[in-house]
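Please read it with the structure open beside you.

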Amino acid sequence: MLGYYLHTKNAQQALDAIGKRLSSVRISTDLNLTEQDFVVTDQGLILDEDNQLSIADLKKIVKKTQRIYLCSDGDMEPIEDRSVGYYKLAPTDGAPLLEISGVKMHISKGTDPFTSASGMAKQAVRSGDNVLDCCSGLGYAAIAAHRLGAKKVLTIELSESVMGLRALNPWSRDLNNAGIEQRQGSSFELITTMPSMSFDAVIHDPPRFSLAGELYSEEFYGEIYRVLRQDGRLFHYTGNPHIMKKGSGFVDGVIRRLKAVGFKNVQKVDHLMGVSAQK
């Protein structure tokens, strides 16, 4: 483990235990994957000999409600990247979500990011598939595809900042499993180098249109169609539940362009804020 992950919920649990004069507190320090007992004293929380948080430290963490701190080697640092924009991991009741400049990059309302990404994978992936995961983010959909029995999953992520954050994310560790290949670069460019009919399924989860309009283009959809085998399946996240429910020129345009390059059975999947299609 890289260290201990603290955020508002588990820091508050530690403070509550201290306030009740308990000798220990049971919390998760790996972002809800597991729980274990830690010693608390009237001075603070003892994670291990090198990582001990004072009451002031815990109160600081509690105050930053949408931030996750990594405690390691006696240091406490937020999991974020401000080199280009503002990228960070934010806590949920399940897997953490990726937030870029204040925009949440996952479906999290009424669910958690890993569960929703797993739902996307199930729309397209079957056991034994070769899968292409475009714009993979924290890699949740790729991991879900692998767990569904995919033979090989190729993930593409453009942002080095995102790649750095997911290297710190306990929920992304399974990206290192055999059968998953991580590649850094542009999905728009890299897909043109891939052989025709080389994938059984594609999961496409691009940034919003204003940031990456080319990933919603007929040209890119044509490349997805080309690399899919006959009867191959696509799930394309389009975002915005309000738009999906009421319908819009934007989503209709996505459907129209997918059909224009040859996709059939193109359907909205409202609960996953996306569109499914078949070659």
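1. How far apart are the mean positions of the positive and negative charges of the protein chain? The 33 positive and 33 negative charges have mean positions that are 8 Å apart. Here Lys and Arg count as positive and Asp and Glu as negative, while His and the chain ends are not counted; the place of a charge is NZ of Lys, CZ of Arg, CG of Asp or CD of Glu.

2. On the basis of these values, the model is predicted, so that local features need pLDDT of at least 70 and side-chain atom pairs count only at pLDDT 80 or more, whereas totals for chains, interfaces and linings use all residues. Residues are numbered from 1 along each chain as its sequence is written, and side-chain values use heavy atoms, with hydrogens and water left out.

3. The protein chain holds 9 helices and 18 strands, taken as DSSP runs (helices H or I of at least four residues, strands E of at least two) and numbered from the N terminus. Along the principal axes, the C-alpha trace spans about 65 × 40 × 30 Å. The radius of gyration is 21 Å, which agrees with the value near 19 Å that a compact globule of 279 residues would have; the radius is taken over C-alpha atoms, and the globule rule is 2.2 Å times the number of residues to the power 0.38.

4. Of the 279 residues, 53% are buried, where buried means under 20% relative accessible area, exposed over 50% and partly exposed in between (1.4 Å probe, protein chains only). Among contacts (heavy atoms within 4.5 Å) between residues at least 6 apart in sequence, 60% join residues at least 24 apart.

5. The whole structure contains 8 aromatic pairs, meaning rings of Phe, Tyr and Trp (its six-membered ring) with centres within 6.5 Å, called stacked if the planes are under 30 degrees apart, edge-to-face if over 60 and tilted for the rest. Y4 and F38 form an edge-to-face pair, 6.0 Å centre to centre with 85 degrees between the planes. Because Y4 lies in strand β1 (residues 4-6) and F38 in strand β3 (residues 36-40), this pair ties together parts 34 residues apart in sequence. Both Y4 and F38 are buried.

6. The rings of F209 and F250 have centres 5.9 Å apart and planes at 70 degrees, so this pair is edge-to-face. The pair links F209, in the loop between β15 (199-204) and α7 (218-227), with F250 in helix α9 (residues 249-260), 41 residues apart. F209 is partly exposed at a relative accessible area of 44%, and F250 is partly exposed at 24%.
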